[in-house]
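Please keep the sequence and the 3D view open as you read.

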Amino acid sequence: MPRTLRLVLGDQLSDNLSALRDLAPGDRVLMAEVMAEATYVRHHKQKLVLVFAAMRRFADRLSERGVDVRYVRLDDPDNTQDIPGEVLRALEDGGLDRIVATQPGEHRLTRAFESLVLQAPVPLEVRPDDRFICPRPVFEAWARDRRELRMEFFYRDMRRRTGLLMDGDKPVGGRWNYDAENRKRLPRTVRPPDRLRIAPGPVVQDVIRLVEARFSDHFGDTAMFGWATSHAEAQSLLAHFIADILPDFGDWQDSMKGGEPFLWHARISAALNIGLLDPLDICRRAEAEYRVGRAPLNAVEGFVRQILGWREFVRGVYDLKGEDYVRSNALEADRTLPGAFWSGDTEMACVRDVVGVTQRHAYAHHIQRLMVTGNLALLLGVHPDEINAWYMMAYIDAFEWVEAPNTHGMAIYADGGIVGSKPYAASGAYINRMSDYCAGCVYDVARKRGEGACPFNVLYWDFLIRNQRRLEGNPRMALPYRAVAAMAADHDSIRAEGEALRMRLGAAPRT
Ligand code: FAD
Ligand code: SF4
């Protein structure tokens, strides 16, 4: 009877993983904590805790079912500290006839698998990762021959394909997208709901000690760790969200409030990205809430769009565009990342709050990532390598297949319009409209220029003028460029003020 070595990576902790599907007696499952994965970027400490703790708990779950698991800990003295090395070591005992793995999410690991094939004494079978709703060939077929890839059209196809929120061949309620209803500013009188926090159990506490000892120089704190590291905990987070939070998800989806990082967001991306939750199941459970009248359509459609639309779309783009994707720099951005992205030491109240919650929770919600830190990096012209690396190091849910299209594409427009049809550039007025930050800021959001003016204001116009040649032909930028044309006499002084501000904030030319 042939015996198989089955490799499970740290973000593949799913019972239905393709590599585990035909598990037979005599097979061995390999899971390994390795420095190569823990340090290819200096992940937030909470992300390391999440992945190592969830791996240990998944290994225990398999062992309890009688599966033969070879689990290699980080501090095992024989650990080769990379994935190919651990696979080769696991084969040294002999008796295993082949390796079965699931396609990794990141290009970096695909390359590692290619090197493994050359070195391994037995064949390697790599199976598709079918934990996504849209199989790779389906995305490729959808993208083929399209001049532009737009999430909205992909999302509609996915609704038809899955039947989610459909009445026959029509979208429920008659519209595909209820986004226009999901941009409300949060009134001061509305209090965000209390959120379930998962208290760290013994496995998590052990791993926190390990991470504090071995990765003390990584970004972030571990004190507030409250993420799910098992399937059962992920299910409780999801059940809490669906029952208590989802009905208001839509209304306040884009709003921000100082000191309140979670608001009505689901906080499930980490569990979902490492395989503790299933995306289609989440969407169906949200839809059921609408069908029985417990959650309104704008909330449920808005939520389903994030998972069925955005999450599947960015994964498709990452796979389709390959490794060159993150090397593009359409706006020729060439500045360093300001130190405030790490320290939070800035007088800009919005940036201080977002960096602070990121340090404490390895989390910030979408609009904070896009319109505060992302917008600032875009306007300052931070080089893509520096801001991509920051997002990879900052967040609990950061895996390159989802981080890169969001940062490189959506936030800083470095892909020249593959993910978003225009840059999400905004002045302080947007942040003021969607948050309470400006009321407690030393800067004056209403002031356009000069001493005390909100930095986003002059940086916004400086950005538009600086990138006029590249962006003014974009029909979606017609309105701001009409305003730019009307202020022609001020262009030189805005550029000079913008440049002084960029230098003062720490966005200097890269040497
Ligand atoms: P909710 O707001 O409650 O949304 C529900 C779910 O929808 C999320 O859990 C997530 O799985 C999915 N989702 C929502 N928006 C997106 C999106 N734009 N792309 C993909 N999935 C989405 N998400 C990551 O998972 N990993 C990242 O590294 C990451 N980096 C980002 C970087 C930038 C610059 C931006 C603007 C967004 C990034 N996102 C990333 C997307 C989004 O911000 C997070 O998925 C979300 O904040 C996670 O919190 P939540 O679970 O409370 O999400
Ligand atoms: Fe941010 Fe400007 Fe508002 Fe201050 S005034 S919180 S810098 S948007």
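Predicted model: local features only at pLDDT ≥ 70, side-chain atom pairs only at ≥ 80, totals over all residues.

Residues are numbered from 1 along each chain as its sequence is written, chains are lettered from A and ligands numbered from 1 in the order in which they are written, and side-chain values use heavy atoms, with hydrogens and water left out. Ligand 1 sits in the largest cavity, and the protein holds five cavities of 30 Å³ or more.

- Ligand 1 has 29 residues around it, and H265, A266, R267, Y363 and N406 come nearest; a residue counts as near if one of its heavy atoms lies within 4 Å of the molecule.
- On its own, ligand 1 has 820 Å² of accessible area, and the protein covers 99% of that; accessible areas come from the Shrake-Rupley method with a 1.4 Å probe, and for residues only the protein chains shown count as cover.
- Two or more residues of the shell come from each of α9 (269-273), α11 (297-321), α14 (366-380) and α16 (400-411); helices (H or I, at least four residues) and strands (E, at least two) are DSSP runs, numbered from the N terminus.
- By class, the shell around ligand 1 has 16 nonpolar, eight polar and five charged residues; Ala, Val, Leu, Ile, Met, Phe, Trp, Tyr, Cys and Pro count as nonpolar, Asp, Glu, Lys and Arg as charged, and the others, Gly among them, as polar.

**Ligand 2**

- The residues around ligand 2 are M348, A349, C350, I431, Y437, C438, C441, Y443, V445, C454 and F456.
- This shell has 11 nonpolar residues, with no polar and no charged ones.

**Cavities**

- On a 1 Å grid over the protein atoms alone, a cavity is a set of points where a 1.4 Å probe fits but cannot get out, and lining residues have an atom within 4 Å of a point; a molecule sits in a cavity or pocket if more than half of its atoms lie within 2 Å of its grid points.
- The largest cavity holds about 780 Å³ of space, where grid points are joined across faces, edges and corners and a volume is the space filled by probe spheres set on the points.
- Its lining has 32 residues, of which S269, H366, R369, D397 and N406 are closest to the centre.
- With seven residues, α16 gives the most to the lining of the largest cavity.
- The second largest cavity has a volume of about 330 Å³, and G10, D11, E37, V51 and F399 are the closest to its centre among 23 lining residues.
- In the second largest cavity, α2 gives the most to the lining, with five residues.

**Pockets**

- A pocket is an open set of grid points with protein on both sides within 12 Å along at least five of seven lines.
- The largest pocket has a volume of about 1,100 Å³, and of its 34 lining residues D179, R183, K422, Y424 and R476 are closest to the centre.
- Its lining divides into 18 nonpolar, seven polar and nine charged residues.
- The second largest pocket holds about 380 Å³ of space, and V41, V326, N388, M392 and E400 lie nearest its centre among 19 lining residues.
- Four residues from α15 make up the largest share of the lining of the second largest pocket.
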